[in-house]
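Let's take a walk through a protein model together.

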Amino acid sequence: MRKKKFVWYFAFLVIASSTLVSCGSSSDSELIGNSVKLSDFEGVSRSDAVGFTIGDRGYVGTGYDGTDRLTDFWAYDPVKNTWIQCADFPGEGRNGAVGFAVGDKGYVGTGYDGIEKLKDFYQYDPSTNTWTQKADFPGTARYGAIGFGIDSLGYLGTGYDGNYLKDMYAYNPSTDTWKHVTSVGGSKRRDAVAFVINGKAYVGTGVDNGIYEDDFWEYDPATDTWTEKNRLSDATAQSFDDDYAMTGSNRVAFAIGDRGFVATGGQGVAGTDIWEYNSSTDLWEQIHDFEGSGRTEAVGFAIGNVGYITTGRSSSYYFDDLWGIHPDDTYNEYD
């Protein structure tokens with residue numbers, strides 16, 4: 001009798017365990033997407049740097065290495081899988097700055113130099129490998145802002161100047177002038193993300209007064225209006241957002257075609273998750289985790305159909321590895 005009772009109890013545990021597995025979300029091994037290790041970033045390891053894409057190259061520079069705030073700048077060539085050192089950024093070394101591209105030029109501004117918050121602004125021309133100082137950002141000096149380029153204009157806003165911010169300004173490179181545009185909808189925030197799909201910007205995540213914001217907004221520059229989209233957490237009684245977990249700060253973002261991607265960072269952690277946004281359906285789906293070490297304050301950019309993640313930190317450890325993110329590939333642990 002004792003033996004039969006043990007067998008029945010064991011069978012019950014097996015059935016219960018099986019039921020728990022079948023009712024849970026898909027395991028990470030079942031998710032689509034693959035990360036491929038590439039040629040290490042050739043500058044010193046760092047976090048809180050800036051990055052942008054011009055043509056078929058990605059650019060990374062500035063940041064903090066745990067001791068110094070940096071001014072070196074580098075270009076990544078995906079065809080040769082190599083890095084090329086560019087002219088140093090001419091402003092003060094800084095972290096928490098903003099970088100974006102408009103047309104065939106890159107732009108870097110704002111940030112923190114270890115003493116002061118900054119509002120100076122510079123243009124990089126890859127054809128001549130030169131920097132030119134431009135009109136200062138007209139908002140308050142700040143760090144942890146967002147920036148993006150749409151058509152012929154650049155946009156810079158949000159961040160932290162001693163207070164949390166939600167203002168937004170448009171920069172016109174042809175006239176070297178700034179214009180205040182409609183502020184981001186919803187909450188103030190710093191250390192948020194932004195990406196651009198089909199001429200519209202998408203802004204979300206970040207932190208405000210200790211709260212990780214879950215609102216998500218689409219900006220249409222043609223009408224200078226913000227439209228709220230589905231929130232980045234389980235915010236409805238419907239099932240589509242039951243597994244949403246994109247809130248946090250110091251994540252990276254990039255766009256490939258009509259999809260946006262948000263990765264790493266998180267709620268005070270060095271994360272590895274990657275989320276894909278479908279702009280047609282306003283829905284998110286988790287893809288396979290980033291296969292490098294978990295990190296925060298990294299840099300993300302996209303070239304063609306590949307996203308890239310590099311630099312960042314985990315606690316006091318700073319990274320210099322580079323990973324290509326292939327969102328449509330099957331996971332391969334051996335590449």
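Is Ser249 buried or exposed? Ser249 counts as buried, because its relative accessibility is 8%; the word buried means under 20% relative accessible area, exposed means over 50%, and partly exposed lies in between, using a 1.4 Å probe and protein chains only. Before we go on, a quick word on the ground rules: this is a predicted model, where local features need pLDDT of at least 70, side-chain atom pairs count only at pLDDT 80 or more, and totals for chains, interfaces and linings use all residues. Residues are numbered from 1 along each chain as its sequence is written, and side-chain values use heavy atoms, with hydrogens and water left out.

Back to Ser249. You'll find Ser249 in the loop between strand 19 and strand 20 (252–256). Strands here are DSSP runs of E with at least two residues, numbered from the N terminus. Setting aside residues up to four places away in sequence, Ser249 touches Asp191, Gly206, Val207, Tyr212, Gly265, Gly266 and Thr296, where contact means heavy atoms within 4.5 Å.

Now step back to strand 19 (residues 225–228), which holds Thr227. With 37% relative accessibility, Thr227 counts as partly exposed. Apart from neighbours within four places in sequence, Thr227 is in contact with Phe216, Trp217 and Glu218. Thr227 and Trp217 are ten residues apart along the chain, and their C-alpha atoms are separated by 5.6 Å.

Look for Gly204, which stands opposite Phe216 in strand 18.

Another open sheet has four strands in the order 2-3-4-5, again with antiparallel pairing. Its edge strands are strand 2 and strand 5 (82–86), each pairing on one side only. Here the twist averages 25° from one strand to the next. Strand 2 and strand 3 (residues 57–61) run antiparallel and are joined by five bridges, and Thr53 stands opposite Gly58 in strand 3.

Next, find strand 28 (residues 322–326). Four of its five residues are buried, so strand 28 is largely enclosed by the rest of the structure. Strand 1 (residues 34–38) pairs with strand 28 in the antiparallel sense over five bridges, and Val36 has Gly324 as its bridge partner there. Strand 25 (residues 306–310) also pairs antiparallel with strand 28, over four bridges, with Thr310 partnered by Leu322.

Let's finish with an opening. The largest pocket has a volume of about 1000 Å³. Of the 43 residues that line the largest pocket, the closest to its centre are Gly51, Gly99, Gly147, Ala194 and Ala253. Among the elements that give two or more residues to this lining are strand 2, strand 14 and strand 20. A pocket is an open set of points on a 1 Å grid over the protein atoms alone, where a 1.4 Å probe fits, with protein on both sides within 12 Å along at least five of seven lines; lining residues have an atom within 4 Å of a point.

Notes
Two strands pair if DSSP finds at least two bridges between them. Grid points are joined across faces, edges and corners, and a volume is the space filled by probe spheres set on the points. Axes are lines fitted to C-alpha atoms, for helices over the stretch in contact, and angles run from 0 to 180 degrees between N-to-C directions.
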